[in-house]
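The sequence and the structure are shown first.

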Amino acid sequence: MKIIVTKDYAALSQTVADFMVDFVNAKPDAALVLPTGETPLGLYRELIARYQHGTFDPSHLRIFQLDEYLGVAPTDEHSFYYWIQQAFLQPMAIPAEHLVGLAGDTTDPASACRAYHEAVMAAGGLDLALLGLGPNGHLGYNDPPADAATPTRVLDLSESSLQGSARHFGGLDRVPRQALTCGMDLLLGAKQKLLMVAGAHKREILQQTIEGPVTPQVPSSYLQQAEHVTLIVDEAAAGPELTAKFSQ
């Protein structure tokens, strides 16, 4: 596990962008799974700017959706499918057909999850899993308990996940109670794993992720046992001890 500590969120976004541009330039048709939410927004803005300056060409990338609310159609502005289209694909002219979604509006979630898993396998597995860190250690929506073999599936969202989505839906009572998520087996099986973490509120769970026991109660702790893992975190998340050890 490689750990890089950056001074602040802006530097974090730039450092991850450096990694991403080099990765895409080395493998233009890479299969990526990408996160939604607030943490990657600075990264996506940075990548869009670099694309507009001709630094790299993302148009051949194959993008796999990390998670999706069950019962929410891809055309719904609350869906993660809609979000990743708006925040990542469209600004960089990545064709819509290059996005493999998790069908939130399916009437057969088990079949939708199998189809997604098979699509990842047909792509040769994920080349890169770009991930954020949930407050309970979830990767994607793999809320605890989730171990390294946990597959792509439908799950009931934890209270912390529901609370985190409440403002986007205009209230806790409007948040879907279930979601589909890319499994831990696929994420940990990615050829490269890149975890980006920002903010002091992530300090405790980051410490558990990298130094605590490996346990299904902290799904992200399984990154300790995985190969080719890079953590890029800002000083606020790292705290003084990790900052002193790994600061650039």
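Buried denotes a relative accessible area under 20%, exposed one over 50%, and partly exposed the range in between, with a 1.4 Å probe and protein chains only. When neighbours within four places in sequence are left aside, L187 is in contact (heavy atoms within 4.5 Å) with V33, L66, L126, A129, L131, L139, N142, C182 and K193.

The model is a predicted one, in which local features need pLDDT of at least 70 and side-chain atom pairs count only at pLDDT 80 or more, whereas totals for chains, interfaces and linings use all residues. Residues are numbered from 1 along each chain as its sequence is written, and side-chain values use heavy atoms, with hydrogens and water left out.

Helices (H or I, at least four residues) and strands (E, at least two) are DSSP runs numbered from the N terminus, and the chain has 8 helices and 10 strands. In helix α3, which covers residues 80-89, the buried residues are F80, I84, Q85, A87, F88 and L89. These buried residues pack against the helix α2 (41-52) and against β2 (31-34), β3 (62-65), β4 (67-69) and β5 (99-100).

## Overall form and surface

For 248 residues, a compact globule would have a radius of gyration near 18 Å, and the 17 Å of the chain agrees with this; the radius is taken over C-alpha atoms, and the globule rule is 2.2 Å times the number of residues to the power 0.38. The C-alpha trace spans about 50 × 40 × 35 Å along its principal axes. Of the 248 residues, 52% count as buried, and among contacts with a separation of 6 or more, 78% come from residues 24 or more positions apart.

The accessible surface comes to about 10,600 Å², of which 52% belongs to carbon and sulfur atoms; areas come from the Shrake-Rupley method with a 1.4 Å probe, and for residues only the protein chains shown count as cover. The chain carries 16 positive and 28 negative charges, whose mean positions are 4 Å apart. In this count Lys and Arg are positive and Asp and Glu negative, while His and the chain ends are not counted, and each charge is placed at NZ of Lys, CZ of Arg, CG of Asp or CD of Glu.

## Residues in helices and strands

K2 belongs to strand β1 (residues 2-6) and, beyond its neighbours within four places in sequence, is in contact with V229, T230 and L231. Although K2 and L194 are 192 residues apart in sequence, their C-alpha atoms are 9.5 Å apart in space. A49, by contrast, is found in helix α2, counts as partly exposed at 30% relative accessibility, and is 80 residues from A129 in sequence and 22 Å from A129 in space, C-alpha to C-alpha.

T243 is found in helix α8 (residues 235-246) and is buried, with a relative accessible area of 15%. Not counting residues up to four places away in sequence, T243 touches V5, E235 and A238.

## Loops and backbone geometry

L61 lies in the loop between α2 and β3, yet is buried, with a relative accessible area of 1%. Leaving aside neighbours within four places in sequence, L61 is in contact with V24, K27, P28, D29, A30, L32, I94 and H98; between L61 and H98, which are 37 residues apart in sequence, the C-alpha to C-alpha distance is 6.9 Å.

A cis peptide bond, with omega about 0°, joins P144 and P145, and P145 lies in the loop between β6 (128-131) and β7 (153-156). A93, in the loop between α3 and β5, has a positive phi of about 55° although it is not a glycine, and is partly exposed, with a relative accessible area of 44%. H228 is another residue other than glycine with a positive phi, near 55°, and is placed in the loop between α7 (203-211) and β10 (229-234).
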